[in-house]
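Reader: I have just opened this one and would like to be walked through it. Could we take it piece by piece?

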Amino acid sequence: MNGDSGNITPGNVRPENVKPENVGPTVAVGRTRAHPDRWMGVGRSAETDGAAAGRAAAGAAAIGPDPQLVLVFVAITYEPAEVLAGLREVLPGVPVVGCTTHGELGPGGPTDGTVTVAVIGGTGFAVAVRVAENVSGRQREAGEDLARAVDAVERRAHRVLMLLTDGAIRDQESILRGVYSVLGAEVPLFGGACADGWRMTGGYLMSDDRVLSDAVIAVAITSEAPLSIGVRHGWSRVGQPMIVTSAGDGRVYTLDDRPALDVYLERIEAPPRAWTDPEVFTAYTLSRPLGIQRRSGIEARNLSTEVDLVGRSIGGGGAIDHGGLTWVLTGDERSILDATDAACKDAIDGLDGAPPVGLLTFSCAALRAVLGEDGIVKEGAHVEKWADGVPFCGFYTYGEIARTRGIDGFHNQTLAVLALG
Amino acid sequence: MADGPGSLQVQQLLELLAVMSSFTDEDAAARGAAERAAQALEAEVAAVVLDGQVVAAIGFPRDAVAEQDLLAVGRRERDWLDVPGLGKSPAVTASWAGSRPGQLIVARWGYDSFSVEERSLVRGMARVLDLTLTMLRTLRVEHEMRQRSERQAAENTRLLESLHEQQRLLRHLSLIQRAIERRDPVPDVLDGIVAAALDLLGGEIVALWTRDAADSERLRLRTSAGLRGPETVSMPAGEAGAAGEALRRGEVVTVSGYAVSGTCLRDITDGHLRISMAVPVHENGQVCGALVVGSTVPGRIYTAEEAQTLRVLAQNVSLALTDAHTVRKMHQAAHDALTGLASRGLFLERLNEHLAEGRPAALLFLDLDRFKEANDEHGHIVGDEILTVTAARVTTHLRSTDLAGRYGGDEFALLLGDVEDPAEAVAVADRIIAAVGEPIFVSGRTVTVNASIGIALSGAGRTDALELIRAADAAMYQAKSAGRGRSSIHQPI
């Protein structure tokens, strides 16, 4: 959350791996620092057939005994049900959770158009999965229900609740508030909102053999070793604040008592076409989020995706409350890559000196617009450097979830990292 | 703007103010304030205590809220909380007094305690919460008062309507009971009750059924409104719907549609009956029928008040029927069973009453000539017929204020009220003699009897009934002696 980042020298940059065709049909990546009781493996496949890709990626990721959980991140171009069928052929009976993406993260660099799978295994881990459906309109209640996943998992010394949400659900903060109201501060939260490759037609969640929308999947993970979360962004505020004079349900209607769209576009000195063309608006504003001041820093809010050119309101990401102040934020490749390093470092440092067996890395889809193709390759390289040979896996999200301090945990424009000790 | 010392806290307080105005009840406001306070201070725990009770708490597992510890922090007995997953965490609290004293408590993991600005923010937030809760409480009390007032107004309206209903019922009952007292013809009284039921119960159908005189297992329609078909319809009691059930059970019965009904009931209600309610009616203490209301309106139900109204109307039916029964029995006791004329006892009683009032009267004593011979010759059936025809012919020549009685065998006594003129009495007697002497056609034969009439007038100081009768009787014998078929007036000695 903090805009400050550590100073990390970028690692090896492998831009050729951005394209799926460069991934190769199937790649098993990352050596595992195999602990006798805990391991994580990652596999990815660019096979065009969903079932074949699922089989190949799962086969590559299943590198140890007692697999506990299959995490799958699927490009929107695949048929999710086919991918699930392929996965379950390889790992029958192992819980599967996953979602569609705006790009998949893993060793070898970010990709578009792959099936990327992480398998977490060993008797040192235990998991329990719970699904809430028809969540819109009852976000808080769904969150309270999802928290019960923690009751169902075998107890270990450390635990985390991972949430995969449908990115189209509004007011995702309420889901987290519902979870928090039941679990309290004891259980950290981590996760992300599914994406749809910027089609804006809706992504999908996957649980075992089911493909879901308007749903949230909760995975309670317990471990005998520490589980640690890091979350950072690379934004800082510029100019004078604006007062949010009307807002609700994830939308901002007026800023400084004028239509929010007009004030926002004036402040970011948007080109004329951004005022009339939603696509131009989104492209321009993705790299210009709004920020809200918190005690320990700025929180970014992405308001680029749900513009109302007629009503002249903006919306899309996390909530900006009526009555608050908001700033235009600025960031660049350097500041964002610094934040990438800081998030990884925070997560790994939280393991109390023990090396991780794997990292889950959920990065914001909007950052791709700021970083560009080269920039995200650098981002992947930074993560890979911090992974230092252990598998890592994740996706570009429509919202990141990371609650370690305080009660809030839904973020925009961040990298959230879960280090599995 | 947000960079000065404490400006973030000012901003957070303003945000809380904006958010708190959206809450509509105290529980939501307490929870919202706790979450806002935790968010603003990046704290993991926040709680609201009201009247010594924790009413909202976040940060603890739901089933492990450390209420006693929170209350202790609220009382400033400690300044830390042991939070599951976090351990010992510094806590800060701000209190308010007033009618519902309370505290806002915030605890945050870490070694740093809260800054002066943060403590000030918690105090400000507590003040905002206190004001919000007070406002919501005031609104709730006002809302409850308004609801109570609206409920009272509705109750008053209902009572007024009920009063009007009662008044209408009383008006109807007054009319009905006056009709019964006046001994209006029973059909008129029953029609009045049916009309009252229509008006009071808003029903489309009202019917009074009583046991069929020819077959007590059937019910016959006495009077009705809103039914089709003949007015004399009858049906088996077991197929008469609510009426039959009320008769069988002896209590108020409500029947849906055509339960316990036959085709006859369906026919006379066109198949549209949705619900009916019946109350038994009594005659002389015995259940003899039922008063029924019916509706064709879907969803119609009958209330307890309506059942009571029907019960009261049915009691009046019972009253009318029982009164008529009593009158009939009394009449039977005081009248001659064969001719329907007053019995000897009734005649004497009426005559005495008339004379006691000091009013003049002419008494005519009639005896049929040769009745015994006709009786012996043609049999007593013909004899009875002669007496019946004679009674009818005699009555034809009397005014409604006059009285005819059968005094014995073939003797009749006639009281002509307020007649003082002997000639007037003689004229009546002669007309009767002429009428009685007309041939009688009975059992295929023609029979002729004559009458002899003795006349006595009260005007000669006679005030004793028996004395007047004896005088008329004596005059009758004079007439017979003079050749029968004539009248004779008694001449006082």
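Reader: Is Ser335(A) buried, exposed or partly exposed?
Author: Ser335(A) counts as partly exposed, because it has 18 C-beta neighbours inside 10 Å; a residue is buried with 20 or more other C-beta atoms within 10 Å of its own, exposed with 12 or fewer, and partly exposed in between, the C-beta atoms being placed from the backbone. This is a predicted model, in which local features need pLDDT of at least 70 and side-chain atom pairs count only at pLDDT 80 or more, while totals for chains, interfaces and linings use all residues. Residues are numbered from 1 along each chain as its sequence is written, and chains are lettered from A and ligands numbered from 1 in the order in which they are written.

Reader: Which helix is Ser335(A) found in?
Author: Ser335(A) belongs to helix 8 of chain A, residues 333-349; helices (H or I, at least four residues) and strands (E, at least two) are DSSP runs, numbered from the N terminus. The C-alpha atom of Ser335(A) is separated by 9.0 Å from that of Ser236(A), although the two are 99 residues apart along the chain.

Reader: How many helices and strands does chain A have?
Author: Chain A has nine helices and 25 strands, and 64% of its 421 residues count as buried.

Reader: Moving on, how many residues of chain B are in contact with chain A?
Author: There are 26 residues of chain B in contact with 24 residues of chain A, where contact means that the C-beta atoms, placed from the backbone, lie within 7 Å. Helix 1 (7-20) and helix 2 (26-40) of chain B each supply at least two residues of the side that touches chain A, and helix 1 of chain B gives the most, with seven residues.

Reader: What is helix 11 of chain B like, and which of its residues are buried?
Author: Its buried residues are Gly383(B), Ile386(B), Leu387(B), Thr390(B), Ala391(B) and Val394(B). They cover an arc of only 130° around the axis, which puts them on the same side of helix 11 of chain B; the arc is that of the directions from the helix axis to the C-beta atoms. The face turned away from that buried side carries the exposed residues Ile381(B) and Thr396(B).

Reader: One last topic: in what order do the five strands of the open sheet in chain B run?
Author: The order in chain B is 2-1-5-4-3, with antiparallel pairing. Strand 2 (53-58) and strand 3 (80-83) of chain B stand at the edges with a single partner strand each, so one side of each is left without a neighbour in the sheet. Strand 1 (residues 45-50) of chain B pairs with strand 2 of chain B over five bridges, and Val48(B) has Ala56(B) as its bridge partner in strand 2 of chain B.

Technical notes
Two residues are in contact if their C-beta atoms, placed from the backbone, lie within 7 Å. Two strands pair if DSSP finds at least two bridges between them.
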